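Subject: Structure for you to look at

Hello,

Here is the structure I promised to pass on. Please open it beside this note; my findings follow below.

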Amino acid sequence: MRALVVDHGEAGPVRFADVDEPVPSSGEALVEIRHIGLNFGELNYVHQWPAGAVHGHDAAGVVVRAASDGSGPPEGTRVAVGMSPHAWAERVAVGPASLGTVPEGVELADAAALGIAGVTALRVLRKRSVLARDVLITGASGGVGHFAVQLAALAGARVTALVGSPDRAAGLRELGADKVLADLAGAECRFDLVLDTVGGPLVAQAWSLLAEGGTIHLVGYSSGQDTTFPSGSLFGFGEPRSLATYGDMTPTSGELTDLLGLMAAGRLSAPVGLRGGWQDVDDAVRALFARKVHGKIVLDVV
């Protein structure tokens, strides 16, 4: 079967290859993949995976063989695959802990966009109540950012969306952002929670705007830059402020189910900024790295 595998050469980060058919264990379903969802991290930091390995973590498809031990969804079920390794192939073996059943009314392509981005946003925003609190989402035009803006607004937060340039602000107010900024110089409040996907100097800027008791959750570092805090800036009186790392790789089925339920109810939309066939993956990766895509990239397995 065909799959996208890790390529450490100049033509990378992924290439097509013929690979062996997956052999599911008794607790795994065989899923025929219809769509894959691309993420910046897994493509930009591809050196962290072995060359030739089937790549990717997010996808959606249909169960063609249920797990032999009776666990998980039955044959014919439409499913989202989230944070599951080796997902960018025509068929994959997946345990039920990484699957969410896609309800009627939700497109499979939209379900493929959830995975890492949707689950990350949901898990961070569940760390504390954000009702009537000020929340800053950096990199808001990206995949995690689009989901985070919507989920924070649903939770009752006052949402500030930060984008890299004014042309990346489109649609964020419609998703629930109260303010959309291209830099933090225009911030008029102190934030109780910051979900940061950018890293670099922006983290120190956000720290200076963090309210007492507030937390910055570091979920990405797309800038690739170092963060330097001015002398004395990490000292302060009042309720402690904190920086929190994020790298939660625990099973995603519960969060996928919740997110898909919100989609089915019309309360959450998939931020698909680029859709195409997986044969065009090289063009899609270039568009992702050039910051030309607002939201997620979903490719059809054809």
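E14, helix H8 (residues 281-289) and E15 form a β-α-β unit, and it is right-handed. Keep in mind that this is a predicted model. The two strands of the unit, E14 (residues 272-277) and E15, run parallel and are joined by 5 bridges. Leucine 274 has isoleucine 297 in E15 as its bridge partner.

E15 has another partner too. Strand E3 (residues 29-38) pairs with E15 in the antiparallel sense, over 4 bridges. Here isoleucine 36 stands opposite leucine 299 of E15.

How many residues of strand E15 are buried? The count is 5 of the 5 in residues 296-300, so the strand is largely enclosed by the rest of the structure. In a regular strand, side chains alternate between the two faces of the sheet. In E15, Lys296, Val298 and Asp300 point one way, while Ile297 and Leu299 point the other way. All of them are buried, the charged Lys296 and Asp300 included.

Next, the open sheet. It has 6 strands in the order E10-E9-E8-E11-E12-E13, with parallel pairing. Strands E10 (179-181) and E13 (242-245) stand at the edges with a single partner strand each, so one side of each has no neighbour in the sheet. Neighbouring strands are turned by 20° against each other on average, direction ignored. Isoleucine 216 has leucine 243 in E13 as its bridge partner.

Helix H6 (residues 201-208) packs on this sheet. H6 touches strands E8 (134-137), E9 (158-162) and E11 (191-196), as well as E12 and E13. The direction of H6 makes about 160° with that of E12. Which residues of H6 are buried? They are Leu202, Val203, Ala204, Ala206 and Trp207. Their cover includes E8, E9, E11, E12 and E13.

Last, a helix pair. Helix H3 (residues 115-125) and helix H7 (residues 253-264) pack at an angle of about 90°, and their axes are 10 Å apart. That makes H3 roughly perpendicular to H7. From H3, the residues in contact are Gly115, Gly118, Val119, Leu122 and Arg123. They meet Glu255, Leu256, Asp258 and Leu259 in H7. By class, this contact has 4 nonpolar, 2 polar and 3 charged residues.

Best wishes

Key:
Residues numbered from 1 in each chain as written. Predicted model: local features only at pLDDT ≥ 70, side-chain atom pairs only at ≥ 80, totals over all residues. Heavy atoms only, no water. Axes fitted to C-alpha atoms, helices over the stretch in contact; angles between N-to-C directions. Parallel < 35°, antiparallel > 145°, perpendicular 65-115°, else oblique. Contact = heavy atoms within 4.5 Å. Pairing = 2+ DSSP bridges. Buried < 20%, exposed > 50% of the residue type's maximum accessible area, 1.4 Å probe, protein only. Right-handed = clockwise from strand over helix to strand, strands pointing away.
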